[in-house]
Amino acid sequence: MSAIKVRGLRKSYRDKVAVDGIDLDIAQGECFALLGPNGAGKTTTVEILEGHRSKDAGEVHIAMGKHEIGIVLQEAADAGDLSVYEAVSHFAGYYPRAREPMEVIEFVGLQARSRIRALSGGQRRRLDVAIGIVGRPRLLFLDEPTTGFDPEARRQFWALIKALEDTTILLTTHYLDEAEALAERVAVIVNGNIVAQGDPKTLGGRAEAKATVRWRGGCEETDDPVGLICRVRDMPELTVTRPSLEDIYLNLIGENR
Ligand SMILES: Nc1ncnc2c1ncn2[C@@H]1O[C@H](COP(=O)(O)OP(=O)(O)OP(=O)(O)O)[C@@H](O)[C@H]1O
């Protein structure tokens, strides 16, 4: 059964069409990423699914009840003088089967006694995640969760999200490596339309694309890198690459503008 099913979703702001008839099917337990350039319609879509914004047309079915949904917004609410423990416990109080606040705080790698106002940007984001998951959500919305993270914090965050098994996750991100690390499927939105979707490893014909073989003294694009390597043999500093998800994404965006 789908966790999220969307058909023909539309939303305009005055004369600006933000979401232009999109369909989505997200399975239970799946991590699904929405990708797209600034202004493509990702946040509008997610806000409608969260129930925070009205739609003009289309159908949205969410298999989970309100108490089973966790949301990690782009910017944390300012909780001033509260400690991490107080903030997480406060939110735990809203949910019938909340996780133990201390357990969640440890899971995201924060100190219970830290004052929120003294947290760094990345630590704030961890707190947002703690608040997002304390209610033991079956569905979690993550809107650009690692913006402003240093590379190490980003990797730690990925590990944290991967450990949330059985949770359906809808992620928006501008980081293609993040989508590839976390999402089983991605959809690329341009001008309010989905222009491609699928496994990030095969999106846009990625798996069948020619390989680029480079070595000191040569570079060739080929369907058969192994054959080429066997033929040439002496290839110092050899590398074989296929298009990255970012290459495929940029092509898709260029074609659909
Ligand atoms: N409250 C609003 N009022 C008017 N127009 C809006 C509003 N919110 C979004 N838009 C417009 O709708 C379009 C889609 O915006 P949206 O925020 O959904 O895009 P996005 O894909 O999330 O972009 P980003 O990657 O920059 O967050 C844009 O053209 C934007 O200017």
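User: What should I know about numbering and confidence?

Analyst: Residues are numbered from 1 along each chain as its sequence is written. The model is predicted, so local features need pLDDT of at least 70 and side-chain atom pairs count only at pLDDT 80 or more, while totals for chains, interfaces and linings use all residues.

User: How many helices and strands does the protein chain have?

Analyst: Helices (H or I, at least four residues) and strands (E, at least two) are DSSP runs, numbered from the N terminus. The protein chain has eight helices and twelve strands. Its C-alpha atoms fill a box of roughly 65 × 45 × 35 Å along the principal axes.

User: Which strands form the open sheet, and in what order?

Analyst: Two strands pair if DSSP finds at least two bridges between them. The open sheet has six strands in the order β5-β6-β7-β3-β8-β9, with mixed pairing. β5 and β9 (193-198) are the edge strands, each pairing on one side only. Within the sheet, β3 (residues 31-35) and β8 (residues 185-190) run parallel and are joined by four bridges. Leu34 stands opposite Ala187 in β8.

User: Where does α1 lie relative to the strands?

Analyst: Axes are lines fitted to C-alpha atoms, for helices over the stretch in contact (C-beta atoms, placed from the backbone, within 7 Å), and angles run from 0 to 180 degrees between N-to-C directions. α1 lies across β3, β5, β6, β7 (168-172) and β8, at about 150° to β7.

User: Why does the length of α4 agree with a helix?

Analyst: The expected span is 1.5 Å times one less than the number of residues. The 13 residues of α4 (residues 121-133) should therefore span 18 Å, and the end C-alpha atoms are 19 Å apart, which agrees.

User: Which residues of α4 are buried?

Analyst: A residue is buried if 20 or more other C-beta atoms, placed from the backbone, lie within 10 Å of its own. In α4 the buried residues include Leu127, Val129 and Ile131, and also Arg125, Arg126 and Asp128. Their cover includes β5 (69-72), α2 (84-92), α3 (101-107), β6 (139-143) and α5 (151-162). Over the protein chain, 32% of the 257 residues are buried.

Conventions:
A residue is buried if 20 or more other C-beta atoms lie within 10 Å of its own, exposed if 12 or fewer, and partly exposed in between; C-beta atoms are placed from the backbone. Two residues are in contact if their C-beta atoms, placed from the backbone, lie within 7 Å.
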